[in-house]
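Work through the exercises below with the structure open.

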Amino acid sequence: MKKFFLMLAVALPMFFLASCGDDNDEDLKDDFSIPQLVINANNTLTIAPGNIYLEWGDSKREVKEDMPSRYYLAVEADHNLGYTYNENGAYPFYAYSFINGGLAAATIAVTVEQDEQVDFEKYFKDNGYKDISSDDEDFFTYQSKDKVCLVTYGYDYGDIMLIWVPNTRSDFRSIIAEQSQLINSLKK
């Protein structure tokens, strides 16, 4: 009987630790969403109902399937996808970068005028993002409530850019530079 209780005493903690590990895995999600932007009849940029749902590591095919059909695929390269609002090259732009075939960055670029039409700060607040900017940055940095994403939001090369990256990335400056080049390639 002592051996039974001894084995039970050893087995139960292992069972509970294994159970807790499974629960924690469910918390480690890598899906996120970005706003769908549309231009209304008054030529004003707005955030449409519904988001574009993505997951870090998505393939180009998966990202293309998730993009609403209203956007025009203007650039498709080995490591990038770039969309304009229409075939005439209108803003907003959406750009995606891939590393080893998986989604590594998602960007929305709008004009300064369009940025004044859309309250992105409200969007971040309403969707649980926390402002974690430091005073020495020239852009805002937001962290998603589930800590899956970091988003930089600021002025770059004549555009307002919102760049989503996995929270594990520390190379913001290089990502911003890469995404800026991709956005510039979309300009006609």
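This is a predicted model: local features need pLDDT of at least 70, side-chain atom pairs count only at pLDDT 80 or more; totals for chains, interfaces and linings use all residues.

**Exercise 1.** Classify the ring pair formed by tyrosine 123 and phenylalanine 124.

Solution. A search of the whole structure finds 13 aromatic pairs. In the pair of tyrosine 123 and phenylalanine 124, the centres are 5.8 Å apart and the planes make an angle of 65°. Ring centres within 6.5 Å count as a pair, and planes over 60 degrees apart count as edge-to-face. The pair is therefore edge-to-face. Both tyrosine 123 and phenylalanine 124 are buried.

**Exercise 2.** Classify the pair of phenylalanine 124 and tyrosine 142, and state which parts of the chain the pair ties together.

Solution. The centres of these two rings lie 4.3 Å apart, with the planes at 25°. Planes under 30 degrees apart count as stacked, so this pair is stacked. Phenylalanine 124 belongs to helix H4 (residues 120-126) and tyrosine 142 to strand S8 (residues 140-143), so the pair ties together parts 18 residues apart in sequence. Relative accessible area is 0% for phenylalanine 124 and 5% for tyrosine 142. Buried means under 20%, so both residues are buried. Ring pairs also place both in a cluster whose members include Phe120, Tyr129 and Trp164.

**Exercise 3.** Locate strands S5 and S6 in the sheet and find the bridge partner of alanine 95.

Solution. The open sheet has 8 strands in the order S3-S4-S5-S6-S10-S9-S8-S7, with antiparallel pairing. Its edge strands are S3 (72-77) and S7 (130-131). Strand S5 (residues 93-99) pairs with strand S6 (residues 102-110) over 7 bridges. Alanine 95 has threonine 107 in S6 as its bridge partner.

Note on methods:
Residues are numbered from 1 along each chain as its sequence is written. Side-chain values use heavy atoms; hydrogens and water are left out. Rings of Phe, Tyr and Trp (its six-membered ring) pair if their centres lie within 6.5 Å; planes under 30 degrees apart count as stacked, over 60 as edge-to-face and the rest as tilted. Buried means under 20% relative accessible area, exposed over 50%, partly exposed in between (1.4 Å probe, protein chains only). Helices (H or I, at least four residues) and strands (E, at least two) are DSSP runs, numbered from the N terminus. Two strands pair if DSSP finds at least two bridges between them.
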